[in-house]
Amino acid sequence: MYIYNEVDQRLVDERVVQYRDQTQRFIAGDLSEDEFLALRLMNGLYIQRQAPMLRVAIPYGLMSAEQLRVLAEVSRDFDKGYGHFTTRTNIQFNWPKLEEVPDILERLAKVQLHAIQTSGNCIRNTTTDHFAGIHPSETEDPRPWCELIRQWSTLHPEFAYLPRKFKIAVTGSKEDRAASQVHDVGLHLVRNKAGELGFEVLVGGGLGRTPIIGKKIREFLPAPELLSYLEAILRIYNLKGRRDNKYKARIKILVEATGIEAFTEQVERHWETLKGGELRIPQQEIDRVTAFFADHPYNEDAAADLTLDEKLEADPDFRTWYARNTHPHKQPGYRAVTVSLKPHLGAPGDITALQMEVVADLSERFSFAQIRSTHEQNLVLADVAQADLYEVWQVLNEHNLARANIGLLTDMIVCPGFDFCSLANAHTLNIAEQINQTFEDLDYLHDLGEIRLNMSGCINACGHHHVGHIGILGVDKKGEDWYQITIGGSSREDASLGKVLGRAVAADDVASTLERLLETYVELRVEGERFIDTVRRLGVTPFKEAVYAVAS
Amino acid sequence: MPLLVNREIRGVDSYAGPIAFSEYLELDDAAQASIKSIRANGEDSLDQLLLHSSRFDLIALEFPIIRDGRSFSIARELRVAGFGGQIRAVGETSRDKLQFLERCGFDAVELDDEHFRREFLEAYTEISVQYQGAVDQPLPIYRQQETTA
């Protein structure tokens, strides 16, 4: 992974001092609420329902064992001993004290972590495929490009006061595990006919109250021009994006209003003045950054191990976990392991300090001391030799991190909802619990197969409900929580927005509605057909009729 | 209201209360020719502003609200187009924007701040690392290293 040089370190150190000064001036009354608001947001600090919330950046979801240990330490010393992983692959602490945040940042800076631009109207943490660099079908590793974007976007003087937040996702594979089509900019690493590396560029995707799938703005952007092209897009957006209404301020609205052809022309015309200039990334720099993401020193004989098959044979629980929570690796004899942060009863994405330390330990012993966070709110140990899987499973199991549910209904993406978030209209954690209680039977879950369930507690869609195979949106109706269900969404390479199933259901009826929905699926599916594919084949109507038949 | 020019506090100002660029555009040629300073913001046509900019000694760019960052890009575009006069930030400026303003090509800032202290000038040097090229340092970090190497 990328290791800071002296310059990178200096920036985060100076940033801590700067933020400490800003906090002190605010406490002393020298800085107005409004001014401090913009500053603290650019540093990941929200004022929430219960307390401030601090969001720490995990750049493109990659962290070291040492960093995860410090996150555990921070959660213990400054919070209530746990953290929450988000769909931007960052971690949130829900209970820090405003005046202690500078101390937290200082602690984080010692291990090359920071909270810069984890909120506010600026360029946010870039996300990517959590199997980057290891997936057998990958074209190219996106992480070096994520790091180049990280540096370019960090404290960019021109783009700190954008109309609204700006999110970029990069993929390096035909499969999209980064929801790139619902980002302000989606970048797909590709090779052209001449074999040169470049990006297919999408713009104007997003969720929130106006969900839109991103549109192609450029078929092939030569890779060294990545930053000049991003700068062209950002400059047009900064100048022309709406500022009169925060709900119409994202670039997707600008792209829709301008039309993709006209918008493309504006960007391309401006880019003409930038390309080939200072922003073109020299090969030397590309090589320097790429070298940080070179393959680990894998054991070439890892596949010769015979113990895995024995353990799989002998232990059905291990076998189930192996099938669900481990994934193919390009190196023979290795697997990627998903650490499930979706236990039976517990807030999705939450992790205790002890669990963080357990995962850090495991990564040091078995996965080259690196951990990844996924936008689906789990962790990944990306490089585990097959001979070690049994032990990894045992340790994870002991610490409630091995629920064999990855990709299944209970592997839900869920925002913190009304319990924590001041934007939320409805609770989400109680609904997640209700679903967990109803769908407890693992055999049934496995029979239902791959289902992406995403839930948001308000229209801002932090839980990506529009692109869930099943989406649940909490709404407030006269002081009561109601839930609107959509089906047919996807954030993958076949991205689509879910369609509303019917009228919203009361809080107590969410799980039973899902039961009827899924019973209908089981009746209608053809052999081997996933839920999403059945919905795509038949449309919403048969599901709607079956689900609402009872009540009417 | 302190005025900073090239990081120095100026007491007296030669700034003659420029007219809005939109008003300037409505004047006839002769009247336009006598105008040496104007104020503009994100609502004005950037193309027009660039077209006329060589006539001005001073362009004041407005920050109508804290969250409006359009003038950062406008200043950058003016400097890239070769504008050599003063670009002054007015409106919702603040100590914590000083460094970004300078990086984008502003050489002057009006600070409407009752708390103004000389220490505000430290804001210019709080962060010594510049990853991206801008007006003050056109080279991004990887080319800065190239030059020093």
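The legends below describe views of chain B and of the interface between chain A and chain B in a predicted model. Local features need pLDDT of at least 70 and side-chain atom pairs count only at pLDDT 80 or more, while totals for chains, interfaces and linings use all residues. Residues are numbered from 1 along each chain as its sequence is written, and side-chain values use heavy atoms, with hydrogens and water left out.

**View 1. Elements of chain B.** Chain B holds 6 helices and 7 strands, where helices (H or I, at least four residues) and strands (E, at least two) are DSSP runs numbered from the N terminus. From the N terminus on, the order is β-β-β-α-α-β-α-β-α-β-α-β-α. The radius of gyration of chain B is 16 Å, close to the 15 Å that the globule rule gives for 149 residues, so chain B is as compact as a globular protein of that length; the radius is taken over C-alpha atoms, and the rule is 2.2 Å times the number of residues to the power 0.38.

**View 2. Extent of chain B.** The C-alpha trace of chain B spans about 55 × 40 × 25 Å along its principal axes. Of the 149 residues of chain B, 56% count as buried, that is, under 20% relative accessible area (1.4 Å probe, protein chains only).

**View 3. The interface of chain A with chain B.** Contact (heavy atoms within 4.5 Å) links 50 residues of chain A with 35 residues of chain B. The area buried between the two chains, meaning the accessible area (1.4 Å probe) lost on putting them together, summed over both, is about 3800 Å², of which carbon and sulfur atoms give 56%. A:P157, A:Y161 and A:L239 supply 19% of the area that chain A buries against chain B, more than any other three residues.

Note on methods. Chains are lettered from A and ligands numbered from 1 in the order in which they are written. Buried means under 20% relative accessible area, exposed over 50%, partly exposed in between (1.4 Å probe, protein chains only).
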